[in-house]
Amino acid sequence: MSTQTLSPSLAGADAPAPGTATGLLIIGASQSGVQLAISLRALGYTEHITLLGEEDHRPYQRPALSKEFLQDKVGSESLIFRSNDYWIQHNITLVKGERIESITPRPDGSGEAVGSSGTAYPYARLALTVGARPRLFEAPGAQLDGVVYLRSADDALKLKALAPEATDVVVIGGGFIGLEAASSLQAMGKKVTVLEYGTRLVGRAVGEDTSEYFRKQHTDRGLDIRIAARIEKIVDDGHGAVQAVRLESGEEIAAQIVLIGIGVIPNTQLGEKLGLKIDNGIVVDEHAVASDGHTIVVGDVANMPNPVPGSPSGERIRLESVNNAVEHAKVAAYSLMGQREAYAGIPWFWSNQGNMKLQIAGLSMGFDATVRREVPDKGKFTVLYYRAGHIIAADCVNAPLDFMAVKQALAAGKNINPDPASNPATQLKTLIA
Amino acid sequence: MAKVHFTDFEGATQVIEATTGDSVMETAVRNGVEGIVGECGGSLSCATCHVFVAAQDFEALEPMEEMEDEMLYGTAVDREENSRLSCQIKLCAEQEIHVTTPETQV
């Protein structure tokens, strides 16, 4: 590890000089990194903030990449979090296109990070908002031209560039990203096949009833969805580009684009270099502080105590969502200000797939009973999840009133009586007690 | 240029010049106007961009769709006759609109 010093007071790792290194370095210009900077300024944090990201873009929002941006319904400018003026006025320095290669921490929590450009970034406090990276698909042909992922704006731009020439798309992975992109590509006129390895769609995030609902709805809309699909290889067209996906059954599904969406891996590399405790992400306490007692870790990369009130003691969770990036960053901002604030609100998630708007309130893990509500002619579908008679979560498709009611009940620590809730004509908010 | 007059719940107003085609929510968030969150980025999923639209401007808006109407029942501060989700108000060239933000969005 090589380090380069900017100031004599930071000459060596053995010479901590409290009070000389100033400012906060946030590594990761992500939703959580942006929110951390913004929340700190709102709380009156006066130290300088550097928000550093490895992508060569101003900090931007990812959710639209698989939806409105892919379909050209919004331009790149509308993905930008904040105007340039905002960052200047709030004394937040943006660094783009810089990847941190090494970090030399000091016992007092200060230290110095060095980027791939050779530039050194001394800091008094460090925050990691480094997110996650797509899990790579490992099969013969996975390196062919036309095989793409969808995590970053550059990924989306690459997919958009390929789309006009393609008539057939295979999406590998029936999770949120896969189904959102499949719906978008279908709306763009492509023939789309979704190959899911597991026994149901979105298996990690929703219950079986919701999985089946999405399978049927997507199938009715013309998506070719294969459950428990076993892929042998991606077939070369003879010129290094994809031509088809071949299943173990021998069937070949034509494709000029193969989009991989099989989950993400938390970016723990810098945490490992810092010697932080790692376990399905970087382990943090309820105040977003890592095992060294100094480093702040927020968002997709953080393995944190389950923040839902009443969840089993000691239960830990890593959440991949905008809502968590925002709320966790607020907790971290308080933490950096020396204040201890509890995680606010109930985790929630959304996924828009064609004309289906899924909103999830709460975390359904550990449920022991469900209640279904359905208004088929309006495309409304809700599953309520209960644990020991108490509501813990809901999957709501095109049913914002249900979503809002469950979110309110959970936030207030109240229940929704399950028996009358099965009647979709009864408003859930009247059952909150 | 379009212009949005944001008045917070205590009565303080700021005027932001907006890009034609942007929503009121985007205009607020990009310029750091407090009082509008817009957590979902404008995909009509979170109801954290609730505004009260001035009467003279409210009538001129496109009527809201059912989804927005339903989402408005879940706002942190109760909806009123002139409530809208500001992510659904897209600004036309030279349009000027006056909105008041609620005390809280979450």
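Which are the buried residues of α4(A)? I opened the notebook with this point and list the residues below.

**Conventions.** I noted that this is a predicted model, in which local features need pLDDT of at least 70 and side-chain atom pairs count only at pLDDT 80 or more, while totals for chains, interfaces and linings use all residues. Residues are numbered from 1 along each chain as its sequence is written, and chains are lettered from A and ligands numbered from 1 in the order in which they are written.

**Helix α4(A).** I took helices (H or I, at least four residues) and strands (E, at least two) as DSSP runs, numbered from the N terminus. Helix α4 of chain A covers residues 176-187, twelve residues, and reaches 16 Å from its first C-alpha to its last, close to the expected 16 Å; the expected span is 1.5 Å times one less than the number of residues. I counted a residue as buried if 20 or more other C-beta atoms, placed from the backbone, lie within 10 Å of its own. The buried residues of α4(A) are Phe176(A), Ile177(A), Gly178(A), Leu179(A), Glu180(A), Ala181(A), Ala182(A), Ser183(A), Ser184(A), Leu185(A) and Gln186(A). Eleven of the twelve residues are buried, so α4(A) is largely enclosed by the rest of the structure. I found that these buried residues pack against β10 (168-172), β11 (191-195), α5 (208-220), β16 (257-260) and β22 (348-353) of chain A. Just after α4(A), Gly189(A) takes a positive phi of about 95°.

**Leu150(A).** I next looked up Leu150(A), which lies in the loop between β9 (147-149) and α3 (153-162) of chain A. Leu150(A) counts as buried because it has 23 C-beta neighbours inside 10 Å. I took contact to mean C-beta atoms, placed from the backbone, within 7 Å. Leaving aside neighbours within four places in sequence, the contacts of Leu150(A) include Ile177(A), Ala181(A) and Leu259(A).

**Nonpolar core.** I defined such a core as a set of buried Ala, Val, Leu, Ile, Met, Phe, Trp, Tyr and Cys residues joined through C-beta atoms within 7 Å. The largest has 149 residues, and Leu259(A) and Ala332(A) are among those that touch the most other members. Helix α7 (residues 322-336) of chain A gives the most to this core, eight residues. Not counting residues up to four places away in sequence, Ala332(A) touches Leu36(A), Ala127(A), Ala288(A), Ile296(A) and Val298(A).

**Contact between chains.** I recorded 19 residues from chain A and 16 residues from chain B in the contact. On the side of chain B that touches chain A, α3(B) provides the largest share, three residues.

Key: Two residues are in contact if their C-beta atoms, placed from the backbone, lie within 7 Å.
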